[in-house]
Amino acid sequence: MPRPVLEEACIHPAIRTKVTESRQTIVREVMAVVAANDVVVVGMGINPHPKQARKALDAIGQPYKYLEYGNYLSQWRDRNALKMWTGWPTFPMVFVKGTLVGGASDLQKLIDSGELKGLLD
């Protein structure tokens, strides 16, 4: 599933480091947590959807790691880096065994269909 990303040849050499390193601390942090945990929910405060995802996982007794980054007005630049990394436009971002499965409603569909259990086996 290719998606458009500006080719490196179209980025001036003088700004490549800035492009490469911009807000990557948060991306590396999430990558490490995703690699170390079966289920990860990445969310933000105030937004009700990360709470829905966590509630759904709690209801089935599925352990998970939760990462929260700011709210609507704080840390939005960091969250934007996560959106650019994944291509997923909203929060939460739910990862299962290293794979982005979507948001809260997508997670609920996996739970309801029994597919989540299969992904975790």
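Biologist: How much space lies in the largest pocket?
Modeller: About 550 Å³. Keep in mind that this is a predicted model.

Biologist: How many residues line the largest pocket, and which lie nearest its centre?
Modeller: The lining has 18 residues, and Val 19, Thr 20, Ser 22, Gln 24 and Met 84 are the ones nearest the centre.

Biologist: Which elements give two or more residues to that lining?
Modeller: Those are helix H1 (16-21), helix H2 (24-36) and helix H4 (76-86).

Biologist: And which gives the most?
Modeller: H4 does, with six residues.

Biologist: What does the lining of the largest pocket look like by class?
Modeller: You get nine nonpolar residues, five charged and four polar.

Biologist: OK, switching to H2. How many residues does H2 have, and what does it reach from first C-alpha to last?
Modeller: H2 has 13 residues and reaches 18 Å, close to the 18 Å expected at 1.5 Å a residue.

Biologist: Which residues of H2 are buried?
Modeller: Ile 26, Val 27, Val 30, Val 33 and Val 34 are.

Biologist: Why do those end up on the same side of H2?
Modeller: Because they cover an arc of only 130 degrees around the axis.

Biologist: What about the other side of H2, which residues are exposed there?
Modeller: Over there, Thr 25, Ala 35 and Ala 36 are exposed.

Biologist: Back to the buried ones: what do they pack against?
Modeller: The buried residues of H2 pack against three strands, S1 (39-43), S2 (65-68) and S3 (93-96), and also against H4.

Key. Residues are numbered from 1 along each chain as its sequence is written. This is a predicted model: local features need pLDDT of at least 70, side-chain atom pairs count only at pLDDT 80 or more; totals for chains, interfaces and linings use all residues. Side-chain values use heavy atoms; hydrogens and water are left out. On a 1 Å grid over the protein atoms alone, a cavity is a set of points where a 1.4 Å probe fits but cannot get out, and a pocket is an open set with protein on both sides within 12 Å along at least five of seven lines; lining residues have an atom within 4 Å of a point. Grid points are joined across faces, edges and corners, and a volume is the space filled by probe spheres set on the points. Helices (H or I, at least four residues) and strands (E, at least two) are DSSP runs, numbered from the N terminus. Ala, Val, Leu, Ile, Met, Phe, Trp, Tyr, Cys and Pro count as nonpolar, Asp, Glu, Lys and Arg as charged, and the others, Gly among them, as polar. The expected span of a helix is 1.5 Å times one less than its number of residues. Buried means under 20% relative accessible area, exposed over 50%, partly exposed in between (1.4 Å probe, protein chains only). The arc is that of the directions from the helix axis to the C-beta atoms. Contact means heavy atoms within 4.5 Å.
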